[in-house]
Amino acid sequence: MWILGEPEMEKLMREYNDFIKGVAVFPLNIPGTSYWKALKSREKILEIFKRKVEERKRINGDENLRMERDDLLNWLMKNTTNGFEEIGDTLLHTLFGGHDTTSRAICLLLYFLDGCPKAIQQLREEHLQVVKIKEDRGESNKLNWDDFKAMEFTKCVINETLRLGNIAGFLHKKARTEIEFKGYVIPQGCTVITHLSAVHLDPNLFENPNHFDPWRWMGLISDVYKMKNFMPFGGGPRQCPGAELARMEMMVFVHHLLLNYSWELAEPDHPITLPFIEFPKGLPVKIQPVPHK
Ligand code: HEM
């Protein structure tokens, strides 16, 4: 749909970066503020999406160009009932939900692993083992869902990164009706902030909670989806639809990194919450190709 380096893609990235800077700021809509700039960028992003929708309509209407595209845009164009407003909003939400989250999770993964060589060693053994099994079976070396399911320790590392990293540290929820919870009455319309990181870093729930310890998840992997004290992707009807995609992206990244490269942090850096997780220096990493066979 978009190709990196294309002028329109570059424009989309520029506008998106301005948009994101205004997502969690004081909503002061006067010229020059981050909020004002974010609203302007949102309009420009929606214009870009609109042009794509028009282009797709032309392609879909032209027999020579048409091909069944099983992608989000075609799905939205077929299934939404509220026209472009709904399509544009969904595309922007998906971009917002999927863009900075997984990339930040991968940065955190590198950061935590840097301090845990034992985990790197165990991960590498697991990934070499998967490659060997695939070779022995004469299968393609491309990773698939079954490989992911078999990678128990990788899943432990991913869970621990999500727990300690807290990409989404808190969520805003709104009480749609008045509810009573543990003796507290929450009136209809009230915003409730669910502080996920307070749960993930609670010493009553996780021993030594500030320590990166992927082994704490051993034997618990199949319970992770039912756990009420581990919700990196939220919960309920608005639970993150990209959760498994994000886990998969992290696994694929780790696989290629571990089997083909060695890396070290180029200079000390650490994550801070502003309110999204950031590395003040951008987590510079020195990386070298080394096939680990
Ligand atoms: C490590 C990566 C990710 C984390 C930690 C994360 C976390 C979250 C959280 C906590 C929520 C709010 C859930 C709630 O309100 O209960 C959410 C919502 C959402 N996420 Fe993710 N997410 C990640 C990756 C992705 C990806 C890759 C996509 C899509 C490509 C995505 C798309 C969305 C969307 C569209 C929503 C809004 C869902 C709704 O309101 O119905 N996320 N995510």
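What follows is a quick tour, from the overall picture to the ligand site and then to a handful of individual residues.

Keep in mind that this is a predicted model. The protein averages a pLDDT of 90, and 96% of the residues score at least 70.

**Overall picture**

- If you boxed in the C-alpha atoms along the principal axes, you'd need roughly 65 × 50 × 35 Å.
- The protein has 293 residues, and 34% of them count as buried.
- On confidence, helix 7 (residues 152-165) has the highest mean pLDDT among the elements, at 96. At the other end sits helix 6 (residues 145-150), with the lowest mean, 88.

- To find Cys-240, go to the loop between helix 8 (196-200) and helix 9 (243-260).
- Is Cys-240 buried, partly exposed or exposed? Its relative accessible area is 31%, so Cys-240 counts as partly exposed, between the 20% and 50% cut-offs. That figure takes in protein chains only.
- The UniProt record, an unreviewed entry, has a "binding site" annotation that covers Cys-240.

**The rest of the shell around the ligand**

- There are 20 residues around the ligand, and those that come nearest are Gly-97, Lys-173, Gly-235, Arg-238 and Cys-240.
- By type, the shell divides into 11 nonpolar, 7 polar and 2 charged residues.
- Which helix gives the most to the shell? That's helix 4, with 5 residues.
- Helix 4 (83-114), strand 1 (170-174) and helix 9 each put at least two residues into the shell.
- For Gly-97, a backbone N or O atom lies 3.1 Å from a nitrogen atom of the ligand.
- Gly-235 also uses its backbone: a polar atom there is 3.1 Å from an oxygen atom of the ligand.
- With Arg-238, it's the side chain that takes part, with an N or O atom 2.8 Å from an oxygen atom of the ligand.

- Asn-166 is not a glycine, yet it has a positive phi of about 45 degrees. You'll find Asn-166 in the loop between helix 7 and strand 1.
- Asn-166 has 8% relative accessibility, which is under 20%, so it counts as buried.
- Leu-283 is another non-glycine with a positive phi, this one about 50 degrees. Look for Leu-283 in the loop between strand 7 (277-278) and strand 8 (285-289).
- Leu-283 is buried too, because its relative accessible area is 7%.

**A buried glutamate**

- Glu-160 has its place in helix 7.
- What does the side chain of Glu-160 contact? It makes a polar contact with the side chain of Arg-163, at 2.9 Å.

- Tyr-35 lies in helix 2 (residues 34-61). With a relative accessible area of 25%, Tyr-35 is partly exposed.
- Tyr-35 and Ala-24 are 11 residues apart in sequence, with 8.5 Å between their C-alpha atoms.
- Gly-115 is found in the loop between helix 4 and helix 5 (117-136). At 64% relative accessible area, Gly-115 is over the 50% cut-off and therefore exposed.
- Gly-115 and Phe-212 are 97 residues apart along the chain, and 8.5 Å separates their C-alpha atoms.

Terms used
Residues are numbered from 1 along each chain as its sequence is written. This is a predicted model: local features need pLDDT of at least 70, side-chain atom pairs count only at pLDDT 80 or more; totals for chains, interfaces and linings use all residues. Side-chain values use heavy atoms; hydrogens and water are left out. Helices (H or I, at least four residues) and strands (E, at least two) are DSSP runs, numbered from the N terminus. pLDDT is the predictor's confidence in each residue, from 0 to 100. A residue is near a molecule or strand if one of its heavy atoms lies within 4 Å of it. A polar contact is a pair of N or O atoms within 3.5 Å; within protein, one must be able to donate a hydrogen and the other to accept it, and residues adjacent in sequence count only if both atoms are side-chain atoms. Ala, Val, Leu, Ile, Met, Phe, Trp, Tyr, Cys and Pro count as nonpolar, Asp, Glu, Lys and Arg as charged, and the others, Gly among them, as polar. UniProt positions are given in the numbering used here, feature names are shortened, and annotations may be inferred rather than shown by experiment. Buried means under 20% relative accessible area, exposed over 50%, partly exposed in between (1.4 Å probe, protein chains only).
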